[in-house]
Structures are given as C-alpha cells and as structure tokens.
Amino acid sequence: LLTPNSPTAELQALDAAHHMHPFTHGQGLRDKGARVITRAEGVWLTDSEGNRILDAMAGLWCVNLGYGRRELADVAARQMMELPFYNTFFQTTHVPALNLAAKLAELAPGDLNHVFFASSGSEANDTNLRLVRTYWAEKGQPERQVIISRWNGYHGSSVGSGSLGGMKGMHAQGGLPIPGIAHIDQPDWWGEGGEMTPEEFGRARARQLEEKIREIGPEKAAAFIAEPVQGAGGVIVPPETYWPEIRRIVDEYGILLIADEVICGFGRTGNWFGSQTMDIRPDIMTIAKGLSSGYQPIGGSIVSDEIAAVINGTEFNHGYTYSGHPVASAVALENLRILEEEQIVETVRTRTAPYLKERFESLTAHPLVGEARIVGMMGSIALTPDKARRAPFAAEAGTAGLITRERCFANNLVMRHVGDRMIVSPPLVISQGEIDTLIERAWQSLDEAQAELAAQG
Ligand code: PLP
C-alpha cells in the first residue's frame, strides 16, 4: 500500500489507474494527475508535495468547523467502541440518533420537530420525494404528485435527487428526470435579468411557480423544492422580492415547501438555517454537509408536526441501513455542541461575514470581475470582459472560470468555478488574516487569468 509520504507521481499513477472520480474528466487525471491532499488543519490543506493550500471551499461547502478538531475524533472513537453500529429499523433506536433528532428539533425553526436520517443530501432528498408523495396520498389526495424545482438548482446525484435538481448535464445522462417533476427558471438576475430591475425580475421569476402550478393543475401540485440560496448553481442570491412572492404562491395553492439547506444550514448564511436568513418558513428542510462539518457522512429531512403525524400514522416503506448511524450521529451532536458553545454562528453573523463581505466585494475593482454576491459565508464573483453590459466571454462558457480556478490552485488557494463564476465558502472559523490572504491570492490569480485570456485573444 502507498502512504501519504509515497512519491506524488506514484500516488497519482495508482489513482488514475483505479479510482473513478466524481464530476471529473478521466482523461485529465491521466494527463495531469490529481492533486493529493494528505492532511489538514484549520482552513489549511497540505498536499503530497508539502504545499499549504487555503481551502476557501470548506471541502465541498461542508467543513464548517474547520479541519483538525480533536473532539470530533475522540467522540467517534468512543462511539465506535461503545456501539459502532445498530440500525433504527423495526422499532429499535439508540442514544446518539435520538439525542441528535431532539437537538435538531430544538434548533430548527417553527414546528420542524421530526427528523428522518440519511447519510447524504442526495439520500435525504430522495426521502423527501417519497415523504411528500406519501403525505398527499395518505391525506386522500393521491393525484398530488408533481414536485416543482428549478433549473440549475442542485439537490444531489442519485436518480431521485438528480431529477429534482435542474442540472441539464446530469439529466442528459441516464434518462433523468423521472416522471412527476417540473422545473421553473432560477432567479439569477446577473445572468438572465435582461433589462428588468432585480426587484421586477425576482417577482417575475417567482410568478413562474404560479404559472407552472396552473399549467400542471393545482390539484396535481405537491411541493416546491429550492435552496434558500442556490449554491452549486453559482451562489445565486435571489432578489429581495423573490422569496416573499414564492411564499404567497405556496400558501395560496396549499403546496408543501421544501428548503434544501444542505449548503445553507448550520451557520453558512449567518443564521442556523438559510430559511431564517431568507424568511422562508418551510414544511421540510433537507440537511447534510455542515451537520457534521463533513467529519462523518450524515444527512436528513426535518419535517413539520403535521407531516410527521401523517407519515407516522402509516407504514413508510423507506429507510437506509445507515439512517441515524450511531457514529455519524455522535459526531454531528458534538459538532453542534461546539458550534453552540463557541458561538460560531453569532460570530459569523456579527464579525466574520461582514468582514468577508467587505473584502470579497473589493474584488469587483478587478477588471475581470463584474459583480460580487455574498450571503454570510457563501459568495461568488462573475467574470466578464465587459462589466457595463454584463457580457459573457467570446470563448466557450466556463473557460475563463476554469483558467481562474487553475490559477488559484497553482497559487495554493481552492476556489471553485461554476461556469464563469468563482465561488468561496470557507470554514466558518476563518480568521480576518486568512480572509486577507484569500483575497490577495484571488486577486493575484485573477491577474494571471486575465493575462492568459488576453494571450488567447
Ligand atoms: N443539496 C444541495 C443544496 C447540495 O449542495 C448538495 C451537494 O452539494 C446536495 C443536496 C447533495 O448532497 P450529497 O452530495 O451529500 O449527496
């Protein structure tokens, strides 16, 4: 077996020979090799060459507490010795799962008091799909089956959650979406707003929900699912008029509202949940990622008293071997304890996020950057050759983003690109000095990308 100290070339060759990576073109792995990450501490990754890399993406939007928290490792080890696994099927339970469910009921807004566990956001959204359809069937309205979501929304990679999502590239592979899913457009004013003001555009995009409900028939509409702030679609912060109008429509037609909090949850937007930041009042929330700060794979659906009463009144033929896994649950509980005890969400809201916003928005002074949008600790900048016209590049969409991402990586900064937008979502514990380093490296990388784009013509 190779070790983290093995030569990088050997690690890369073995990786390329046998390891199939998510969302990666295999040829790239064979040509250039993958960067091998060996350790991490705080917001810093170390690779097999000994470089220290600032992780401005918190892994995949999940390591909210930062890397290297000993307490989480200790809790996992203790739980593995005490009870490494037991299921929660067939009227059995265990202490970590019941405590975690109760803690989540306490943290979640309104009457979201009941949790169905999964191991990931994808699984949790698959649960939601069946929860919603079962709920309406049990309520005597079995024709209410259509779930409406948004183009370019992201809800996971399984067949169900990929169908709920609106990533056309995913739909093209494997015959998605499954029946009974309808999509409306996203509230991306920068990219799609045309001549409308953001307020007009926000209202217009929300009203597409009403049009879609009327088109499919209000008696068939079951639910609307959306991220409070779209993450993987490019940190799309909706205009202020958007969510109030969505709420009006959801109430008027009596459909369920699912807030996918997989990225927005657990402090990312400056509150415990993005639904609070955006004042959404959902019937169901999807959670994962920051629930355990990524230290263990765990996700879930938090549902209202009313939905739980209906589902608990029937046999719900659904569940995962690892629903409420004891080690994952214990680690998630410890993660929540630390977030609370160290007042991390409050610190984000009052100090870290305002500082990040000010520094991040300063990037709009760079010639390559059109707008910056940021909510709490998730933000993105739009790359453009012409700010005034919000113009796209002549090159294929995403080329400028990819070039910039590679420049960032070469400068030991992880930022993600979505098309020609560059994203940050750092650990919530990032310091002001580290934010300064992030911005300096981003600026330097933008300079280099601009030169490379100019050289390409
Ligand atoms: N929902 C949202 C909003 C996400 O961003 C993601 C992943 O990025 C998912 C669901 C899927 O979660 P997972 O990758 O844990 O299955």
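Now look at the β14 end. The partner there is β15, residues 421-424, and three bridges join the two antiparallel strands. As a general point, strands of a sheet pair through backbone hydrogen bonds, either parallel or antiparallel.

What lies across this sheet?

Next, the nonpolar core. The largest one has 120 residues. Which of them touch the most other members? Those are Ile147 and Ala223. Among helices and strands, which gives the most to this core? Helix α14, residues 326-341, does, with eight residues. The core draws on both domains: at least three residues come from domain 1, which is 35-68 + 343-456, and at least three from domain 2, which is 71-341.

Stay with Ile147 for a moment. Leaving out neighbours within four places in sequence, Ile147 is in contact with Leu129, Val132, Leu164, Gly180, Ile181, Ala222, Ala223 and Ile225. Ala223, then, is both a contact of Ile147 and the other residue named for touching the most core members.

One more residue, Ser304. You will find Ser304 in strand β10, residues 299-304. Is Ser304 buried or exposed? It counts as buried, because it has 20 C-beta neighbours inside 10 Å. Setting aside residues up to four places away in sequence, Ser304 touches Asp111, Leu112 and Asp283. For a distance to check, take Ser304 and Ile255: they are 49 residues apart along the chain, and their C-alpha atoms are separated by 14 Å.

Last, the confidence values. Where pLDDT is low, predicted coordinates should not be read in detail. For this chain the mean pLDDT is 97, and 100% of the residues reach 70 or more. The model scores are ipTM 1.00 and pTM 0.97.

Notes
Residues numbered from 1 in each chain as written. Predicted model: local features only at pLDDT ≥ 70, side-chain atom pairs only at ≥ 80, totals over all residues. Pairing = 2+ DSSP bridges. Helix = DSSP H or I, 4+ residues; strand = E, 2+ residues; numbered from the N terminus. Core = buried A, V, L, I, M, F, W, Y, C linked by C-beta atoms within 7 Å. Buried ≥ 20, exposed ≤ 12 C-beta atoms within 10 Å, placed from the backbone. Domains from an automatic or database assignment. Contact = placed C-beta atoms within 7 Å. pLDDT = per-residue confidence, 0-100.
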